[in-house]
Amino acid sequence: MVATEFTPVAALSGGVLIGASAVALMAATGRIAGISGIAARLLPPYDDDGFAGRLAFVLGVVVAPLIVALVTGSMPVPRIEATTPVLALAGLLVGFGAVWGNGCTSGHGVCGLSRLSMRSLVATAVFMATAIATVFLTRHVL
Amino acid sequence: MIVLLQFAIGLVFGLGLVVAGMSDPAKVLNFLDIAAIGSGGWDASLAFVMAGAIAVTFIGFRLVLRRDQPIFGERFHLPTARDLDSRIVAGPAIFGVGWGLAGFCPGPALTATLTGGAPAWLFLAAMFAGMAGARVLAARQVAPAAVRPPI
């Protein structure tokens, strides 16, 4: 495992930006800023005419690290520890589970919880529990 | 115009993920590793991401939803489902296992597109495959047998 610093101020600031983005999307388009829902609907079948807007949103997320690199002078590189087969399995589970449960960390964990949705509360409690259990098993048991 | 605005809103979301450190799977896994609290290896940062985001959306959504309609739309599209069915447990349970295995959820997987190299692309490809699979399966479940497309 890679050691990381406790960075509460940066985390809180980033969280505020995420929240501001979700509020802006709701104000502009009337939609929940759920990344998995937006990303999954880039795939057919298309049930509305929102494709271009979703693609634009996703491209905005994708280029964000470049803006950070321009401002700070260093590229924020994700430190990926998982091996190739684990990454493939994890991707399948994340994609399938997010669509099957109608949301992920953003849709349920941020937007849903702030709307006091019982479904999102259940979803968030469940994915936090299984994620924590998975890390416990892979780091401390297996 | 509206498409450009959505690009900007997505950009702010992505900036939030990167600034928060959530775009880094190492940080995510150390946050989920609560057994490391005793040894000092636990990184509590990401709890602050959620706190910051929810503080803004909790107030912001209430202000926005006082309007009759969104600025560029006819109505607000809020989730209407209320029932706690099996999918609202099974989906997040599966999602959480994947999140705990690699430290990527969908947003950080997207911010890693240009910065994470081949491992990030592999995760993204698998994620979209999983999404496609779930959509196909969900459509089969909802559609009556008579109108099911042939396999």
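Reader: In what order do the elements of chain A run from the N terminus?

Author: They run α-α-α-α-α-α. Chain A counts 6 helices and 0 strands. Helices (H or I, at least four residues) and strands (E, at least two) are DSSP runs, numbered from the N terminus. This is a predicted model: local features need pLDDT of at least 70, side-chain atom pairs count only at pLDDT 80 or more, and totals for chains, interfaces and linings use all residues. Residues are numbered from 1 along each chain as its sequence is written, while chains are lettered from A and ligands numbered from 1 in the order in which they are written.

Reader: What box do the C-alpha atoms of chain A fill, and what share of its residues is buried?

Author: The box is roughly 45 × 40 × 30 Å along the principal axes. Of the 142 residues in chain A, 55% are buried. Buried means 20 or more other C-beta atoms within 10 Å of the residue's own, with C-beta atoms placed from the backbone.

Reader: How is a pair of packed helices described?

Author: By the angle between the axes and the distance between them. Axes are lines fitted to C-alpha atoms, for helices over the stretch in contact, and angles run from 0 to 180 degrees between N-to-C directions. Take helix α1 (residues 8-29) of chain A and α3(B): their axes come within 7 Å and cross at roughly 30°. α1(A) is therefore roughly parallel to α3(B), a term for angles under 35 degrees.

Reader: Is that crossing left-handed or right-handed?

Author: Right-handed. The near helix is turned clockwise from the far one by less than a right angle. The contact of α1(A) with α3(B) has 21 nonpolar, 8 polar and no charged residues.

Reader: At what angle do helix α4 of chain A and helix α6 of chain B cross?

Author: Roughly 35°, with the axes of α4 (residues 84-100) of chain A and α6 (residues 117-142) of chain B coming within 6 Å. This crossing is right-handed. Its contact residues are 21 nonpolar, 5 polar and 1 charged.

Methods
Nonpolar A, V, L, I, M, F, W, Y, C, P; charged D, E, K, R; others polar. Buried ≥ 20, exposed ≤ 12 C-beta atoms within 10 Å, placed from the backbone. Parallel < 35°, antiparallel > 145°, perpendicular 65-115°, else oblique.
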